[in-house]
Amino acid sequence: MSSNFETAVIHGGIYGDALTGAVNTPIYQTSTYEQQGLGENRGWEYSRTGNPTRTALEALIAELEGGRHGFAFGSGLAAITTVLSLFAKGDRILISSNVYGGTYRVLDKVFRHFGIEYQIADTTDPDAVEKVFTEDVKAVLIESPANPLLTITDIRKISEIAHEHDALSIVDNTFMTPYLQQPLKLGADIVVHSATKYLGGHSDLVAGLAVVNDDDLAERIGFLQNAEGGIPGPFDSFLLIRGIKTLAVRMDRHVGNAEKIAAFLSENKAVKNIYYPGLPAAQGYEINKAQARNGGAMMSFELYEEYDIRTFFKSLKLVALAESLGGVESLVCHPASMTHASIPFEVRQKVGITEGLIRLSPGIENAEDIIDDLQQAIEKSEARK
Ligand SMILES: *Cc1c(COP(=O)(O)O)cnc(C)c1O
């Protein structure tokens, strides 16, 4: 157990390969394992149930989140779906008002058909959460910062409220990663990740993770992981371990770039609104400071009406227009038509996901190059109108 995070990303979990001394856990590209006799095996039977490369990844994420049990999945949504399978007909889940679009979709279009209800709550306001708590609420599922307006929820307070009502506190920690925020230490019961984003970090894989402390909860999630089968393959497990090794250095650069870009956008006359938890004027700034290392790297902004956003997106040269976030390359997206398109228009308007909103995931390129690209695209989008 390495206590310093920068060391734990490299030496944590299961380090190397005991059989050969290889410093990297090998890619155990196998579906099955030869058994010595009936009922006799070396601890491995079938790779849906367990695979050494995946096990190394699971041990690593558990250590990084400060939890006892880690689980890996084929995508963030597979992790979320598996966790939501803990609930039964008649249960209700409270969710943040701007939760990831896919999380909303699986609750609305899949789980509702099985009798598991959801309710959208303003989790930035603990009193509002307390008010909507009914007997059937069995969990609160939050993101902080939440996608795409980067709203901050007090993880400690919401977890306390959940526990007073015998409900679970579930935190999607994708935007922060355990380097910047460790929800289990703030009282959450389950942490989930889209490891596709910062943990993988190179836009070359899709994966999900979940971490818990409680042994019973771990047993139930382990059962569901095997029963539902949403696991990652050995190669993606290996790639994710490899990505995580550089998490601390990458995040430092992502955040450093984000701070410079946020300062640039804040002072830009074309920018109507900016949402970045690292700015003192941001909603929840003090709460975020108390529960996370810094404001993270994700931000969203709106240009004034005289700037044409289609031209803005078309004019970008370095920054790519793409779904996803958290990769080494800078990405922008248009939440209303891309990541949050599955949320109905009226709901989007109500929570502030306007047609003019732009989400930016700064990469780890030179900050001035990113800023120059944004600047020239802003200029072009004004000229054309
Ligand atoms: C991307 C994302 C997900 C879904 O993860 P996938 O790996 O795409 O399935 C869930 N939550 C958040 C916050 C995300 O950004």
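Modeller: The crossing of H3 and H8 is right-handed. This is a predicted model.

Biologist: Which residues of H3 and H8 make the contact?

Modeller: Thr81, Thr82 and Val83 come from H3. H8 supplies Ile221, Leu224, Gln225 and Glu228.

Biologist: How do those residues divide into nonpolar, polar and charged?

Modeller: In the contact of H3 with H8, three are nonpolar, three are polar and one is charged.

Biologist: And the geometry? At what angle do the axes of H3 and H8 cross?

Modeller: Roughly 120 degrees. The axes of H3, residues 76–84, and H8, residues 215–228, come within 9 Å.

Biologist: Switching to H9. What should its twelve residues span, and how far apart are its end C-alpha atoms?

Modeller: H9 covers residues 234–245. At 1.5 Å a residue it should span 16 Å. The end C-alpha atoms are 17 Å apart, so the two values agree.

Biologist: Which residues of H9 are buried?

Modeller: Pro234, Ser237, Leu239, Leu240, Ile241, Gly243 and Ile244.

Biologist: What covers the buried residues of H9?

Modeller: The cover includes three helices: H1 (5–11), H2 (52–65) and H10 (247–266). Strand E7 is also part of the cover.

Biologist: Now the backbone. Where are the cis peptide bonds?

Modeller: One joins serine 144 and proline 145. Another joins asparagine 147 and proline 148. Omega is about 0 degrees for the serine 144 to proline 145 bond, and also about 0 degrees for asparagine 147 to proline 148.

Biologist: Where do proline 145 and proline 148 lie?

Modeller: Proline 145 is in the loop between strand E4 (137–143) and helix H6 (155–164). Proline 148 is in the loop between E4 and H6 too.

Biologist: Is aspartate 166 buried or exposed?

Modeller: Exposed, because its relative accessible area is 72% and the cut-off for exposed is over 50%.

Biologist: And serine 203: what is its phi, and where is it found?

Modeller: Phi is near 50 degrees, again a positive value in a residue other than glycine. Serine 203 is in the loop between strand E6 (190–194) and strand E7 (208–212).

Biologist: What is the relative accessible area of serine 203?

Modeller: 42%, so serine 203 counts as partly exposed.

Technical notes
Residues numbered from 1 in each chain as written. Predicted model: local features only at pLDDT ≥ 70, side-chain atom pairs only at ≥ 80, totals over all residues. Heavy atoms only, no water. Helix = DSSP H or I, 4+ residues; strand = E, 2+ residues; numbered from the N terminus. Buried < 20%, exposed > 50% of the residue type's maximum accessible area, 1.4 Å probe, protein only. Expected span 1.5 Å × (residues − 1). Contact = heavy atoms within 4.5 Å. Axes fitted to C-alpha atoms, helices over the stretch in contact; angles between N-to-C directions. Left-handed = near helix turned anticlockwise from the far one by under 90°. Nonpolar A, V, L, I, M, F, W, Y, C, P; charged D, E, K, R; others polar.
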